[in-house]
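User: Hi! I'm new to this one, could you walk me through it?
Analyst: Happy to, here it is.
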Amino acid sequence: MELTSKQRAQLRGLANSIDTILIVGKDGIGDNLVKQANDALEARELIKGRVLENSLLSPREAAAELAPLTRSEVVQVIGTKFVLYRPSHKKDKRDKIVLVQEKRRKQ
């Protein structure tokens, strides 16, 4: 699933108000971090992560490595923080994020 620029902008706006819940440290991206990210994405759909100074990965590298492992999309990387999005698979979730749709141009 590829995000459009309007959808990315919408998610960036939503990410402003959320707290950082994922922290990549000197150990990098391990199984525990991937499991934590998967659980958080299933519950929230949109998560914010941070890369510590002592990490061997840059924030862009960490986001790019974590996205395929969690089947999510990188929304943005800014400073030491990054934002990931994955739609929830729970059908009964009331507060699902509804992405804007691109309008089709008439030919």
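Analyst: We'll look at a pair of helices and then at the nonpolar cores.
Analyst: This is a predicted model, where local features need pLDDT of at least 70 and side-chain atom pairs count only at pLDDT 80 or more, while totals for chains, interfaces and linings use all residues. Residues are numbered from 1 along each chain as its sequence is written, and side-chain values use heavy atoms, leaving out hydrogens and water.

User: At what angle do H2 and H3 cross?
Analyst: Roughly 65°, and the axes of H2 (residues 31–44) and H3 (residues 59–70) come within 10 Å. That makes H2 roughly perpendicular to H3 (65 to 115 degrees).

User: Which residues in H2 and H3 meet?
Analyst: Val-34, Ala-37, Asn-38 and Leu-41 of H2 meet Leu-66, Leu-69 and Thr-70 of H3, with contact being heavy atoms within 4.5 Å. By type, the residues of this contact are five nonpolar, two polar and no charged.

User: New topic: how many residues has the largest nonpolar core?
Analyst: It has 16 residues, and Leu-22, Ile-29, Phe-82 and Leu-84 are among those with the most contacts inside it. Such a core joins buried residues (under 20% relative accessible area, 1.4 Å probe, protein chains only) through side-chain atoms within 4.5 Å.

User: Which element gives the largest share of this core?
Analyst: H2, with five residues. Strands E1 (20–24), E2 (46–51) and E4 (81–85) are among the elements that each supply at least two.

User: And what about a second core?
Analyst: A separate one of nine residues includes Leu-46, Tyr-85, Ile-97 and Leu-99.

Notes:
Axes are lines fitted to C-alpha atoms, for helices over the stretch in contact, and angles run from 0 to 180 degrees between N-to-C directions. Helices (H or I, at least four residues) and strands (E, at least two) are DSSP runs, numbered from the N terminus. Angles under 35 degrees count as roughly parallel, over 145 as roughly antiparallel, 65 to 115 as roughly perpendicular and the rest as oblique. Ala, Val, Leu, Ile, Met, Phe, Trp, Tyr, Cys and Pro count as nonpolar, Asp, Glu, Lys and Arg as charged, and the others, Gly among them, as polar. Buried means under 20% relative accessible area, exposed over 50%, partly exposed in between (1.4 Å probe, protein chains only).
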